[in-house]
Amino acid sequence: MKKALITGITGQDGSYLAELLLEKGYDVHGMVRRSSTETLERIEHIKQRVHLVQGDLLDEISILHLMEQIQPDEIYNLAAQSFVHTSWNQPLLTGEFTALGVTRMLDAMRIACPKARFYQASSSEMFGAAKPPQTMDTPFHPRSPYAAAKVYGHYITMNYRESYGLFAVSGILFNHESPRRGLEFVTRKITDAVARIKLGVQKEVRMGNLDAKRDWGFAGDYVKAMWLMLQQDKPEDYLIATGKAYSVRDFLDMAFSRVGLNYKDYVVIDPKFLRPAEVDYLLGDPVKAREKMGWTPEVDIQGLVNMMVDADLARVQRSLR
């Protein structure tokens, strides 16, 4: 039985990845921070089947002890301060978690379990102002503290691979969503608002830039790509995307149309939701993932929107009973 260690197991990606690895017969260990506000909501249904262990990306000693004890075969580093907007308010903390946290993970692995395979969650935000479509050869142009921290994490993973011969790879994942997405992210903010407006408990939704375009996919599809990267014969980085981009306006239109409403009647533009430096257009080219790993997304944008709206409708309905 293979053993996997997942940081960020309580997040969207961590929960889907844990499900996938359990299905494949893995012994799954999830690293969680000691916190009085810790929430296990996303993994409540599998909590009894995984081992939750305490550790912190800010504390290499705690990470080192975990790796020595568990001796994982695969390590998935998904934990980060991952909300772009927050990174402007907390740039130093974002750097500690999202950049230096990767170094702490890699260094602990180098010492405790150098034969393990390591996955680093890189982000399409690293491309920032780069012209679409973005490919594996597109230079990074980060436009937020979060994106800059992710660039560091990406390159330090490459550095440890080349310097120490570790099987360490990065997946440059474009936006991937699901009903488990946090409410602070624009897609979930929209589908939650659609449900509340449809059920009469909210009158409007305040938004920022409706013209920003993103390559949106389903998180459940994307964690399969993470796993596939660690099953390859040699360590390589991959770009994971659908190859199709839609604007925030398009997402609004599809989400409101799902419940028979027109988004124009409910959307209010609020300048406070505009970024200091906007990322206008992210569109990924996943040809390498398709040709080398056989990975293709199964859920399209309409299926994703429908899934998220339906889940939020059901959730809000339950809360009103």
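Colleague: Leaving aside neighbours within four places in sequence, which residues is Tyr119 in contact with?

Modeller: This is a predicted model. In it, Tyr119 contacts Ile75, Tyr76, Asn77 and Leu78, then Val169, Ser170, Gly171 and Leu173, and also Met226, Met229 and Leu230.

Colleague: Which members of the largest nonpolar core touch the most other members?

Modeller: Tyr76, Tyr119 and Ile240 do, in a core of 65 residues. Helix 7, residues 219–229, gives the most to this core, with eight residues. Another core lies apart from it and has 25 residues, including Leu57, Phe97, Met109 and Ala112.

Colleague: Turning to helices, at what angle do helix 4 and helix 5 pack?

Modeller: The angle is about 15° between helix 4 (residues 91–112) and helix 5 (residues 145–164), and their axes are 8 Å apart. Angles under 35 degrees count as roughly parallel, so helix 4 and helix 5 are roughly parallel to each other. Their crossing is right-handed.

Colleague: Which residues meet there?

Modeller: Among them are Pro91, Thr94, Gly95 and Leu106 in helix 4, and Pro145, Tyr146, Ala149 and Tyr164 in helix 5. By class, the contact has 12 nonpolar, six polar and three charged residues.

Colleague: One more topic: where does Arg275 lie?

Modeller: Arg275 is in the loop between strand 13 (267–269) and helix 9 (287–293). Arg275 has 26% relative accessibility and therefore counts as partly exposed.

Colleague: How many residues apart in sequence are Arg275 and Arg143?

Modeller: They are 132 residues apart in sequence, while their C-alpha atoms are 9.5 Å apart in space.

Note on methods
Residues numbered from 1 in each chain as written. Predicted model: local features only at pLDDT ≥ 70, side-chain atom pairs only at ≥ 80, totals over all residues. Heavy atoms only, no water. Axes fitted to C-alpha atoms, helices over the stretch in contact; angles between N-to-C directions. Helix = DSSP H or I, 4+ residues; strand = E, 2+ residues; numbered from the N terminus. Parallel < 35°, antiparallel > 145°, perpendicular 65-115°, else oblique. Left-handed = near helix turned anticlockwise from the far one by under 90°. Contact = heavy atoms within 4.5 Å. Nonpolar A, V, L, I, M, F, W, Y, C, P; charged D, E, K, R; others polar. Buried < 20%, exposed > 50% of the residue type's maximum accessible area, 1.4 Å probe, protein only. Core = buried A, V, L, I, M, F, W, Y, C linked by side-chain atoms within 4.5 Å.
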